[in-house]
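Colleague: I am new to this structure and would like to learn how to read it. May we take one feature at a time?

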Amino acid sequence: VDPVITSLNEADLTTDWDYQGSDSSFIIVWSGNDPASGIDYYEYAWGTTAGAADIVAWSATSQQSAETTGLSLQDGSTYYGSVRAADIVGNLSTTLTGDGLTIDASPPTAGVVIDGDSVDIDFTTSTTTLTAAWSGFIDAGSGIGEYKYAIGTAPGGVQNVYWLSVGMDTTVTRSGLSLIHGITYYVSVKATDNLGNEGDY
């Protein structure tokens, strides 16, 4: 009876990730069994296509996890981890390959922010409340995870409100401000992707 690889996770010890921020390392974790003679060793590899070993050649280990560092991986490219096992009498399992891991080292690109909830305004009569809305922020990798906003007297300024998360909301109304007549205030917005890469405002 051949041994069997029963599970394989890419990039995390407990969960199979589809994206990772690091472009220099891989983690692969797996489990396997052999009900007859027992597993003698495992072999793992990383490649640019499913089942390939052109990034990390087949390497033997007695463990059920492996981390490879010092790599030079391409942002936006997908890599695949593969594992196979050999039992004590020399039977080799079928190779199990993961669903791929895409490198996402790039932050989201900024969109457009307007002062007001639907139409960009240049003036307001309120000295306590500002409203802003935004759209067009893009992250082609792991996706946008949250937006943050700040309010100050210059683009990116935080004199009135330091960067605060609004989750996935695309509009904010901030009250309780102390705004001064004749001063121009700016609401700045930046997006962070699901891996923590933070974009520009």
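Predicted model: local features only at pLDDT ≥ 70, side-chain atom pairs only at ≥ 80, totals over all residues.

Colleague: Where does Thr128 lie, and with which residues is Thr128 in contact?

Modeller: Thr128 belongs to the loop between β10 and β11 (strands are DSSP E runs of at least two residues, helices H or I runs of at least four, numbered from the N terminus). Contact means heavy atoms within 4.5 Å. Apart from neighbours within four places in sequence, Thr128 is in contact with Arg174, Ser175, Gly176, Leu177 and Leu179. Val89, by comparison, is 39 residues from Thr128 in sequence and 77 Å away in space, C-alpha to C-alpha.

Colleague: How should I read a sheet, and in what order do β10, β11 and β14 stand?

Modeller: Strands of a sheet pair through backbone hydrogen bonds, either parallel or antiparallel. Two strands count as paired if DSSP finds at least two bridges between them. Here 3 strands form an open sheet with antiparallel pairing, in the order β10-β11-β14. β10 (112-115) and β14 (171-174) are at the edges with a single partner strand each, so one side of each has no neighbour in the sheet. Strand β11 (residues 130-135) is joined to β14 by 4 bridges, and Ala133 has Thr171 of β14 as its bridge partner.

Colleague: What is the general idea of a core, and which residues touch the most other members of the largest one?

Modeller: In soluble globular proteins, nonpolar side chains tend to be buried together. A nonpolar core is a set of buried Ala, Val, Leu, Ile, Met, Phe, Trp, Tyr and Cys residues joined through side-chain atoms within 4.5 Å. The largest one has 18 residues, and Phe26, Ile28, Trp30, Tyr44, Trp46 and Val83 touch the most other members. A second, separate core of 17 residues includes Tyr149, Leu179, Tyr185 and Ala191.

Colleague: How many helices and strands does the protein have?

Modeller: The protein has 0 helices and 15 strands. Its C-alpha atoms fill a box of roughly 85 × 30 × 25 Å along the principal axes.

Definitions and conventions. Residues numbered from 1 in each chain as written. Heavy atoms only, no water. Buried < 20%, exposed > 50% of the residue type's maximum accessible area, 1.4 Å probe, protein only.
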